[in-house]
Amino acid sequence: MVDSLGALADANLAHTWAAIARLSGGPVDRFGSLQLAATGIPAAFFNGAYLAAPTDDPDGCIRHAIEFMAVAGVPWLLWIREGVDDALIAAGRRAGLRDVGGPPAMGLASIRSVPEPPAGLEVTAVTDAAGIDVHCELLSRAFEMPAAIAHRLVNEQTVTDPTVGVVIGHVGGVPVSTALVCVSGATAGIYNVATPPEHQRKGYGAALTWAAIAEGQRRGCDHAILQASAAGRPVYEAMGFVHLGRCVQLEGPPAA
């Protein structure tokens, strides 16, 4: 179960960042099972090479990724879930990419009933540019992210993509938390779970994660995946998510 769910998590991560880059106007490319996506934001996290499945040409993958990102002119990360392709990790290190850690991938094997949100929390799906503005404002405050970067990643084009959905939670009319789901096949990938500090520790983050899962279920998904922060992992474990292995991150461009 963990192996099959992990493979679906890898594929969804690759699909999601390709969609984000494409919707932000950035270049995307594919080399075998390696998905390349550059948003143009000058920070490594927002540009990446994502391994969707093991490759039989690890050195070719690394060469292609280095060339692609050099043309894009951005720092970037190679993402490989531990144990999936050790040869590609070794090829990246040989080429001068640097280990920078990486979050755990987690999966929910079956979407069944979704709990009701906490009392007073109203959850709505975003359908227009005004809702995207609210989502981005919550992202900016929760992650101390410049507003321009948030709007580059999620913009009015997002609501036109049938594989992407955004949900927002309000209390007394005040936006308090948000999340994004990106669908690939029957997989609901949960991203951008963001709750500003003044609204944390009230169950809103878990509630919006469930709301994003429910939005994925509405679009035909029967399982969910995400990459967890250190603070979020125990919350997701309590929701039934299991550990699928750490995402190894190697940063480029290569060291001189």
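I began with the largest pocket, where strand β10 gives the largest share of the lining, five residues. Strands (E, at least two residues) and helices (H or I, at least four) are DSSP runs numbered from the N terminus. A pocket is an open set of points on a 1 Å grid over the protein atoms alone, where a 1.4 Å probe fits, with protein on both sides within 12 Å along at least five of seven lines; lining residues have an atom within 4 Å of a point.

The model is predicted: local features need pLDDT of at least 70 and side-chain atom pairs 80 or more, while totals for chains, interfaces and linings use all residues. Residues are numbered from 1 along each chain as its sequence is written, and side-chain values use heavy atoms, without hydrogens and water.

I looked up the volume of the largest pocket, about 1,100 Å³. Of its 37 lining residues, Phe 143, Val 193, Ala 194, Ser 229 and Tyr 236 are the closest to the centre.

I then turned to the second largest pocket, which holds about 170 Å³. Helix α6 gives the most to its lining, four residues. Among the lining residues I noted Glu 116, Pro 117 and Trp 210.

Last, I checked helix α2. Its 15 residues (58–72) should span 21 Å at 1.5 Å a residue, and the end C-alpha atoms are 21 Å apart, which agrees. The expected span is 1.5 Å times one less than the number of residues. Ile 62, Phe 68 and Met 69 are among the buried residues of α2; buried means under 20% relative accessible area, with a 1.4 Å probe and protein chains only. Just after α2, Gly 73 takes a positive phi of about 75°.

Methods: Buried < 20%, exposed > 50% of the residue type's maximum accessible area, 1.4 Å probe, protein only. Points joined across faces, edges and corners; volume = space filled by probe spheres on them.
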